[in-house]
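Keep the view open as you read.

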Amino acid sequence: FEVRWDQPLLRGRGTMVNRIPIMLARINEDVSLSQFESSVRNLLLDIENTYWDLNRWYRNLETAKTARDSAQGAWRIVYEKFNEGVAPAQEEAYAREQYFQFRAGVEKSLQDLYTTETRLRWLMGLAATDGRLIRPIDEPTMARVAFEWPAIRTEALVRSPELRSKKWVVKARELEVVAAKNHLLPQLDLGFLYRWNG
């Protein structure tokens, strides 16, 4: 029967040195959690920005359609005058060019709308071919909003997952320095041994 008890006097002495691996594991877990929180926040920001971009492209499409319809009306008037011999051919050609230019603008706006809508579907995890078209129902608010910037800045600094993550990384490096300094000490242990033979 044998019992042995060792007490480190220099290297490995104290509870702090023995708790460092556990504390580092906890810090790594907190850093991973803050990175996840940051990813979720960025995803929501991208969805919100894409939603309002889609709203903007719908407005651009409506504006382009109005311009195309006006150009088409002007071209019809000039074409009728051209057929009657009142307007020269250059004026009719210019009106036709304007119409086709505005029609190309409608097609470009529609293409940009579909591209933005596909991006929104991708961010939301929806299929691109379900036969529906996403159209924002909310309109941007026109009310004046006054923000209290000092309070917002302070809250942003407190809640920022990136800053918390960096703070934990600094704490982990400090613990690693403590462990490295401890490993530079010589090994000196006090030990007791009790042995009973029988």
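**Helices side by side**

Before anything else, keep in mind that this is a predicted model.

As for handedness, H1 passes H2 in a left-handed crossing. And what is the contact of H1 with H2 made of, by class? It has 25 nonpolar residues, along with 7 polar and 11 charged ones.

Now look at H1 again, this time with helix H4, residues 161-184. Here the axes come within 9 Å, and the crossing angle is roughly 160 degrees. By the cut-off of 145 degrees, H1 and H4 are therefore roughly antiparallel too. The crossing of H1 and H4 is left-handed. Sorted by class, the contact of H1 with H4 has 14 nonpolar, 4 polar and 7 charged residues.

So what about the nonpolar side chains? In soluble globular proteins, nonpolar side chains tend to be buried together. In this model, the largest nonpolar core has 9 residues. They are Leu-54, Trp-57, Tyr-58, Leu-61, Ala-64, Val-106, Leu-113, Leu-120 and Ile-134. H1 and H2 each supply at least two residues of this core, and H1 gives the most, with 5 residues.

Zoom in on one member, Leu-120. Which residues is Leu-120 in contact with, once neighbours within four places in sequence are left aside? The list is Ile-47, Thr-50, Tyr-51, Leu-54 and Ile-134. Of these partners, Leu-54 and Ile-134 also belong to the largest core. Apart from that core lies another, of 7 residues, among them Ile-27, Val-31, Ala-172 and Leu-175.

Ser-38 is found in helix H1. Is Ser-38 buried or exposed? Buried means under 20% relative accessible area, and Ser-38 has 10%, so Ser-38 is buried. Not counting residues up to four places away in sequence, Ser-38 touches Pro-161 and Glu-162. Both of those partners fall in the stretch of H4, residues 161-184.

Terms used
Residues are numbered from 1 along each chain as its sequence is written. This is a predicted model: local features need pLDDT of at least 70, side-chain atom pairs count only at pLDDT 80 or more; totals for chains, interfaces and linings use all residues. Side-chain values use heavy atoms; hydrogens and water are left out. A crossing is left-handed if the near helix is turned anticlockwise from the far one by less than a right angle, and right-handed if clockwise. Helices (H or I, at least four residues) and strands (E, at least two) are DSSP runs, numbered from the N terminus. Ala, Val, Leu, Ile, Met, Phe, Trp, Tyr, Cys and Pro count as nonpolar, Asp, Glu, Lys and Arg as charged, and the others, Gly among them, as polar. Axes are lines fitted to C-alpha atoms, for helices over the stretch in contact, and angles run from 0 to 180 degrees between N-to-C directions. Angles under 35 degrees count as roughly parallel, over 145 as roughly antiparallel, 65 to 115 as roughly perpendicular and the rest as oblique. A nonpolar core is a set of buried Ala, Val, Leu, Ile, Met, Phe, Trp, Tyr and Cys residues joined through side-chain atoms within 4.5 Å. Buried means under 20% relative accessible area, exposed over 50%, partly exposed in between (1.4 Å probe, protein chains only). Contact means heavy atoms within 4.5 Å.
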